[in-house]
Amino acid sequence: MSPDRVVQEAPWLLWLLEAMQRGQEGLLRLWHALGWTPVVDGQPAWPWAQRLAGEHLLLDVGQARALAGGLVAAALVVVLLLLAWLGGRRRRLRWGLLVSAGLVAVLAPWPSAQVLWVPASPRSFHHNPVPFSDTAIAAGAAHYQRLCVACHGTTGNGQGPLAARQAVWPPSFTGPLLWRRADGDLLHAVRQGLTTAGGQPSMPGFAEQLTVAQSWELLHFLRAQAAGQLLQLSGSWAMPVALPDMALRCPGQPWQRVRDLQRQRVRLVGLEDVQGLLPDPRMLTLWLPPEGRAVAATLPAAVDCVVTSGPEARQALRWLTGSAALQQTQLLADRSGWLRARNDRGADSWSEGDLVCRLADAGAAVPSNTAEDSLTRLLRSMDSQPVVYVKGGSLHGGAGRRGAPRDQAAS
Ligand code: HEC
């Protein structure tokens, strides 16, 4: 079952996952505060060989139910034991409560240990401290060219010239792999290397060749590249990806970067000529002018801001869309900062099919109303299907924590 479906069927699962994540992070902070675990690559190291596997629960709602049932049962056992203890001298009552506690513990639907626990690394709970920005993606691309392309290939599909000579074939990144793994586990793979199940080295570690910040930049690049490849191959951004942070000039406004545009819909246009573009109050319009174009101090009427980090921004968007030509491209990001729609027909109007980051089986979620234009319909579909991003079993965005990617980049 896809995570989308699981989340739709069992919305409580999001709370359970969040509780698991917070609980483990809290324990890690406590251990670090007590001086029982060192800092590795700038963040406290996870001291245990295993961690709870939220990502497995997402794929198997039955196990998640078992875990939720088990937690309720555990709480009940505690209450029963407490009552038995408070029961004082009433012996019968006490025994009755103790036996019930035992029965609850035995009969509770505990999930299987293999599903609940997965191997962890010291970096499993590390968070990427580098903002997801055009400059980080461009820098990551350069590290990738230097160190990774020989095995992982120019598109990240695992078909580099050295791939066949490895102990195992490098995986393709053009799938859910990078989204299923926690950031920290990916960082660990890049810095420490990987071994096969039999203990044979399968990928070298790059801790000597890359600083910690460069390693994080690489992970941003890998996801941007994978998003573009997914879009090219399947026509959709099946895995959510954020509009990267970029430097802006917005006459008459205090905004200096994309991350300052909190909670607004954003339209990013790469068109050569924006004179024909109509102003639209429902979104902010950012213009990424073509290479070498000087932009006058006063912007065209439909444009709110111009992107000033031109070369890096163009490079980052080429990776994100998997296409070299940006002159025909417009992108739409939702209020939470997720890239949702792409129109590569120049200044032409939008169609609902342009919503390329949507729920897997949303179909025609929004009843069509012929009086509405297609952009209005697109915006309504977009708003009615907010991204609930669950990565490596941890929550990013979703109910109550909307605004995740841009807010995170800002914090
Ligand atoms: C010498 C070949 C080689 C080079 C160079 C290489 N890799 Fe790998 N990589 C592999 C192989 C082989 C695997 C699969 C290993 C396995 O599954 O045991 C892999 C797996 C991975 C994975 C998946 C980890 C996971 O959790 O499944 C990531 C991410 C990755 N590589 C990133 C990189 C990055 C980033 C670089 C450049 C800094 C790089 N690799 C350089 C061969 C290579």
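This is a predicted model: local features need pLDDT of at least 70, side-chain atom pairs count only at pLDDT 80 or more; totals for chains, interfaces and linings use all residues.
Mentor: Local features need pLDDT of at least 70 and side-chain atom pairs count only at pLDDT 80 or more, while totals for chains, interfaces and linings use all residues. Residues are numbered from 1 along each chain as its sequence is written, and side-chain values use heavy atoms, without hydrogens and water.

Trainee: Why is α7 called roughly perpendicular to α11?

Mentor: Helix α7 (residues 134-147) and helix α11 (residues 212-234) pack at an angle of about 95°, with their axes 7 Å apart. Angles of 65 to 115 degrees count as roughly perpendicular, so α7 is roughly perpendicular to α11.

Trainee: What makes His 143 and Phe 221 part of a contact?

Mentor: Contact means heavy atoms within 4.5 Å. Among the residues that meet are His 143 in α7 and Phe 221 in α11.

Trainee: What volume does the largest pocket have, and what makes a space a pocket?

Mentor: The volume of the largest pocket is about 1100 Å³. On a 1 Å grid over the protein atoms alone, a pocket is an open set with protein on both sides within 12 Å along at least five of seven lines, and its lining residues have an atom within 4 Å of a point. Of the 41 lining residues, those closest to the centre include Arg 181 and Met 203. Helix α10 gives the largest share of the lining, five residues.

Methods: Axes are lines fitted to C-alpha atoms, for helices over the stretch in contact, and angles run from 0 to 180 degrees between N-to-C directions. Helices (H or I, at least four residues) and strands (E, at least two) are DSSP runs, numbered from the N terminus. Angles under 35 degrees count as roughly parallel, over 145 as roughly antiparallel, 65 to 115 as roughly perpendicular and the rest as oblique. On a 1 Å grid over the protein atoms alone, a cavity is a set of points where a 1.4 Å probe fits but cannot get out, and a pocket is an open set with protein on both sides within 12 Å along at least five of seven lines; lining residues have an atom within 4 Å of a point. Grid points are joined across faces, edges and corners, and a volume is the space filled by probe spheres set on the points.
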